[in-house]
Amino acid sequence: MLRIAVQSKGRLYEESMELIAQAGIKFPATKRTLLVPSRNFPVEVLFLRDDDIPDSVATGTADVGIVGFNEVLEKRQRVTVLHELGFGRCRLSLAISKDVDYPGRQWFNGKKIATSYPAILRDYLDKHGICADIHVINGSVEIAPGIGLADGIFDIVSSGGTLVSNNLAEVEKVVDSQAVLIGGNLPLSDEKQSILEDLIFRFKSVMAADGKKYLLMNVPRRSLDGVLEILPGIKSPTVLPLADAGWCSVHAVIDESQFWDIVTRLKKVGAEGILVLDIMKMVP
Ligand code: ATP
Ligand code: ZN
């Protein structure tokens, strides 16, 4: 049985559980407890605050964990990033009042910076030879400059909306973050290692399908070259004969972001009956 630590509630909870569900791992529908074994796969989920996940993995309380890379960097535990999971994307940035004419990072010399990430900030300031006072606050860091508690902040930014509504401007991006799967630095038993490999294989298959669509269409033989030109970046589209010898069926996987562009062009060169299907998994 492999124990996987997941944030009990908060921004990473839903997507972590969604990824696990997409990997085919099911849980009993009973009331949620701290530790929940799957009913069809040898894993159990341990629900924790995200701050406690790196430590739980480093000490072996959990075998692996899903947590923001920002927490991994800040907590300085002996853990290894096994895989990036592609959700919970954000960045850690320095921000100051938008009314300040910012001359560059040396502005922070002698200033006071509020943050919940003192270790990452300390590293950054040392690296750039900036001497500033770090003021640790947990939660609502963004209000610190407005109430005179600090000159600037170092905090998580995603859309930037929170900064704008607090009259702040992002001036230095320090690190990018996303949810990651972490493991401890001690070897796992053979049994756990093999479960982990299966788990990572499943996660990769789910992630590979993310944002991809399966496209099927009927194409007159004479338009086939035109259609294949529109799908150039796509690894060998499948071309199948149809009962009517003048037509064939073309199948391809495309990025959802290219969807409208590609479909519009395909129609123009004569593709018909275009079907678009969701892809659940892509097994390499
Ligand atoms: P906990 O109660 O578990 O300690 P928390 O309040 O520390 O939760 P959340 O706000 O739920 O943490 O954020 C969890 C993680 O989600 C962050 O550490 C970060 O990796 C990621 N994240 C992504 N986008 C954002 C965002 N806009 N604001 C905050 N966190 C974000
Ligand atoms: Zn937290």
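1. Contact here means heavy atoms within 4.5 Å. On that basis, and leaving aside neighbours within four places in sequence, Gly273 touches Leu216, Met217 and Asn218. Gly273 sits in strand S15 (residues 272-278) and counts as exposed because its relative accessibility is 56% (exposed is over 50%, buried under 20%, partly exposed in between, with a 1.4 Å probe and protein chains only).

2. A word on the basis: this is a predicted model, where local features need pLDDT of at least 70, side-chain atom pairs count only at pLDDT 80 or more, and totals for chains, interfaces and linings use all residues. Residues are numbered from 1 along each chain as its sequence is written, and side-chain values use heavy atoms, with hydrogens and water left out.

3. Have a look at the open sheet of five strands, ordered S8-S7-S9-S6-S10 with mixed pairing (a pair needs at least two DSSP bridges). S8 (133-136) and S10 (168-177) are the edge strands, each with a single partner, so one side of each has no neighbour in the sheet. On average, neighbouring strands are turned by 25° against each other, direction ignored.

4. Within that sheet, S6 (residues 90-97) and S9 (residues 152-157) run antiparallel, joined by six bridges. Ala95 has Ile153 of S9 as its bridge partner. Helix H4 (residues 118-127) packs on the sheet, touching S6, S7 (112-115), S8, S9 and S10, and its direction makes about 170° with that of S8 (angles run from 0 to 180 degrees between N-to-C directions, with axes fitted to C-alpha atoms, for helices over the stretch in contact). Helices are DSSP runs of H or I with at least four residues, and strands are E runs of at least two, numbered from the N terminus.

How values were computed:
Chains lettered and ligands numbered in written order.
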